[in-house]
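Follow the charged side chains through this model.

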Amino acid sequence: MKKILTTILVFSSLLGFSQDENKENTEITRLFIFKSTGAEKDLESKNGHKILPQKGDWGFGVNASSIIEYFGNAANGENFNSSPGFNSISKNLPTATIWGKYFLAADLAWRGGLDIYAENNKDRFRVNDDNSLNPDVGVFDVRDIQQFGFTASLGLEKRKGNSRIQGVYGADVYVHYTSNNRTNIEYGNTITQSNQNPTSTNFGNPTVAPTPALGYRLLEANLGNDFEMGLRGFIGVEYFFAPKMSIGGEFYYGVSYVSTSETAVTFEGYESSTNEVLETSTFTKGNRDIELGLRNTSAAINLFFYF
């Protein structure tokens with residue numbers, strides 16, 4: 001707990017604000033540690049184009065690790081390369097797929113990140129129709145899985161260096177939300193008094209079934225929601241391979257509050273003592289925690305364009 005409080009105090013001190021009184025017009029408040037030197041980066045290409053971003057420039061970035069992997073595999077003679085695209089991040093990590101920046105000075109910028117993760121998968125599994133003696137006649141068990149999540153962040157970035165290789169560091173705040181797997185299943189063969197244990201797809205039914213046991217099968221699963229908010233520092237590097245175009249990566253370290261909601265799983269089965277189909281649900285309590293640790297973008301490569 002002492003480490004967490006110390007970290008919060010350090011980040012709070014980094015977020016102390018100062019106002020530049022020498023300007024005629026009031027400028028955006030800047031962090032002490034991120035105060036700009038005011039010097040322009042005058043590195044130019046052979047054609048006279050500015051290589052590094054300047055005051056007033058905007059930046060747009062994407063996670064482009066799949067593109068790097070695609071061309072890397074192509075160079076190695078890999079024959080089964082999937083089409084390149086811009087990766088979405090893992091829904092369980094508070095990192096972003098799309099970045100935006102605005103430069104207050106050549107070495108100081110506001111930055112924001114966003115990622116939205118959504119998935120809806122509907123799978124059909126053929127099984128024999130219990131109401132038919134013809135083995136060629138079948139029905140379908142349908143499983144519908146839905147997931148959703150997003151991450152949003154806002155912070156300040158400071159840059160170091162006058163060459164194509166630029167060091168970056170700073171701090172940001174973020175919010176991360178994930179709606180975990182929500183699964184609904186519809187079976188082609190229903191449980192009835194005459195068919196108490198129908199033919200159906202095994203979607204993770206336990207080997208030892210509690211009462212009711214006959215025809216015991218998964219019906220619905222709600223794996224809960226995850227909410228996270230935090231304050232973190234970051235450090236990384238960018239390499240400008242062309243005027244105002246760069247690739248780079250970053251590491252994060254910070255403190256976060258994490259909340260996980262209750263999960264629920266529902267099964268159905270036939271209860272012979274009452275001659276009815278019963279639904280049985282199991283619940284797992286959620287939890288809350290404060291975490292201090294490393295959030296690494298792993299092998300992800302960020303591709304940035306400045307204009």
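**A buried arginine and its partners**

Arginine 111 is buried, with a relative accessible area of 3%. Buried means under 20% relative accessible area, exposed over 50%, and partly exposed in between (1.4 Å probe, protein chains only). The model is predicted: local features need pLDDT of at least 70, side-chain atom pairs count only at pLDDT 80 or more, and totals for chains, interfaces and linings use all residues. Residues are numbered from 1 along each chain as its sequence is written, and side-chain values use heavy atoms, with hydrogens and water left out.

Arginine 111 sits in strand S5 (residues 108-128). Strands (E, at least two residues) and helices (H or I, at least four) are DSSP runs, numbered from the N terminus. Beyond four places in sequence, arginine 111 has contacts (heavy atoms within 4.5 Å) that include Trp99, Lys101, Phe234, Glu250 and Tyr252. Its side chain also joins that of glutamate 157 through a polar contact of 2.9 Å. A polar contact is a pair of N or O atoms within 3.5 Å; within protein, one must be able to donate a hydrogen and the other to accept it, and residues adjacent in sequence count only if both atoms are side-chain atoms.

Which residue forms a salt bridge with glutamate 157? Lysine 101 does, with the closest N and O atoms 2.9 Å apart. The pair links strand S4 (residues 98-105) to strand S6 (residues 138-160), 56 residues apart. A salt bridge is a side-chain nitrogen of Lys or Arg within 4 Å of a carboxyl oxygen of Asp or Glu. Lysine 101 is buried at 2% relative accessible area. Glutamate 157 is buried at 0%.

Lysine 101 has another salt bridge, to glutamate 238, with the closest N and O atoms 3.0 Å apart. Lysine 101 lies in strand S4 and glutamate 238 in strand S9 (residues 225-242), so this pair ties together parts 137 residues apart in sequence. Glutamate 238 counts as buried, at 3% relative accessibility. Lys101, Arg111, Glu157, Arg159, Glu238 and Glu250 are linked in a salt-bridge network.

Now move to aspartate 172. Aspartate 172 forms a salt bridge with arginine 232, the closest N and O atoms being 2.8 Å apart. Aspartate 172 lies in strand S7 (residues 165-186) and arginine 232 in strand S9, so the pair ties together parts 60 residues apart in sequence. Both residues are buried. The whole structure holds twelve salt bridges.

The protein chain has two helices and 14 strands. Buried residues make up 40% of its 307 residues.
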